[in-house]
Amino acid sequence: MKKVTFSVIIPTYNREEKLKKAINSVINQTYKNWEIIIIDNHSKDETKKMVKNYNNIKIKMFFIKNNGIIAKSRNLGIKKSKGKYLAFLDSDDYWHTSKLMECYNFLKKKSD
């Protein structure tokens with residue numbers, strides 16, 4: 001199996017519909033070598049079910065009680081990541097379809 005290039009870390013809490021838009025924006029990337037790591041602060045909505053319905057091995061979900069400290073969620077995502085590069089996406093945001101390709105092309109240049 002090819003090593004994952006980008007680990008996309010998405011912390012979330014009770015943002016089922018907005019999270020869906022964020023996930024779809026990663027799935028629709030022109031650059032396809034990614035994994036999504038969702039760190040859920042034990043949402044009370046249908047977040048877990050919605051993520052499970054993707055049935056996609058590139059999407060992984062973990063749970064944390066972060067006590068309002070979002071950095072704890074991001075740090076757990078970093079620990080669970082397998083990618084060469086980390087990318088952070090908030091659950092109420094989304095990306096243009098070429099975002100990861102543009103990042104990859106820039107990183108390939110090995111620029112300062």
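Where is the place of I64? I64 sits in the loop between β3 and α3, where helices (H or I, at least four residues) and strands (E, at least two) are DSSP runs numbered from the N terminus. This is a predicted model, so local features need pLDDT of at least 70 and side-chain atom pairs count only at pLDDT 80 or more, while totals for chains, interfaces and linings use all residues. Residues are numbered from 1 along each chain as its sequence is written, and side-chain values use heavy atoms, with hydrogens and water left out.

**Salt bridges**

- Searching the whole structure turns up 3 salt bridges, each being a side-chain nitrogen of Lys or Arg within 4 Å of a carboxyl oxygen of Asp or Glu.
- One of them pairs R15 with D92, at 3.8 Å from N to O. R15 is in the loop between β1 (6–12) and α1 (16–27) and D92 is in the loop between β4 (85–88) and α4 (99–108), so this contact ties together parts that are 77 residues apart in sequence.
- On the exposure scale, buried means under 20% relative accessible area, exposed means over 50%, and partly exposed is in between (1.4 Å probe, protein chains only). R15 counts as partly exposed at 34% relative accessibility, and D92 is also partly exposed, at 41%.
- E35 and K60 make another salt bridge, with 3.4 Å between the closest N and O atoms. That pair links distant parts of the chain, 25 residues apart: E35 belongs to strand β2 (residues 34–40) and K60 to strand β3 (residues 59–63).
- Is E35 buried or exposed? E35 is buried, with a relative accessible area of 2%, whereas K60 is partly exposed at 26%.
- D90 and R74 also meet through their side chains in a salt bridge, 3.0 Å from N to O. Here the link runs between the loop joining β4 and α4, which holds D90, and helix α3 (residues 70–80), which holds R74; the two are 16 residues apart.

- Rolling a probe the size of a water molecule over the atoms shows where empty space is left.
- The search runs on a 1 Å grid over the protein atoms alone, and a pocket is an open set of points where a 1.4 Å probe fits, with protein on both sides within 12 Å along at least five of seven lines. Lining residues have an atom within 4 Å of a point.
- The second largest pocket comes out at about 170 Å³; grid points are joined across faces, edges and corners, and the volume is the space filled by probe spheres set on the points.
- Its lining consists of P11, T12, Y13, R15, N41, N66, G68, I69, I70, S73, D90 and S91. β1 and α3 are the elements giving two or more residues to this lining.
- By class, that lining has 4 nonpolar, 6 polar and 2 charged residues. For the bookkeeping, Ala, Val, Leu, Ile, Met, Phe, Trp, Tyr, Cys and Pro count as nonpolar, Asp, Glu, Lys and Arg as charged, and the others, Gly among them, as polar.
- R15 shows up both in this lining and in the salt bridge with D92. D90 likewise lines the pocket and pairs with R74.

**A nonpolar patch**

- I78, L86 and F88 make a nonpolar surface patch of about 240 Å². Patches are made of residues with over 30% relative accessible area and no salt bridge, with like charges joined within 9 Å and nonpolar side chains (Val, Leu, Ile, Met, Phe, Trp, Tyr) within 5 Å.
- The areas come from the Shrake-Rupley method with a 1.4 Å probe, and for residues only the protein chains shown count as cover.
- F88 lies in strand β4 and counts as partly exposed at 40% relative accessibility.

**Backbone angles and C-alpha distances**

- N14 is partly exposed at 31% relative accessibility.
- N67, in the loop between β3 and α3, has a positive phi of about 50° and is not a glycine either. N67 counts as exposed, at 65% relative accessibility.
- I64 counts as buried at 16% relative accessibility. Its C-alpha atom is separated by 6.9 Å from that of I39, 25 residues apart along the chain.
- F6, in strand β1, is buried with a relative accessible area of 3%. The C-alpha atoms of F6 and C103 are separated by 9.7 Å, with the two residues 97 apart along the chain.
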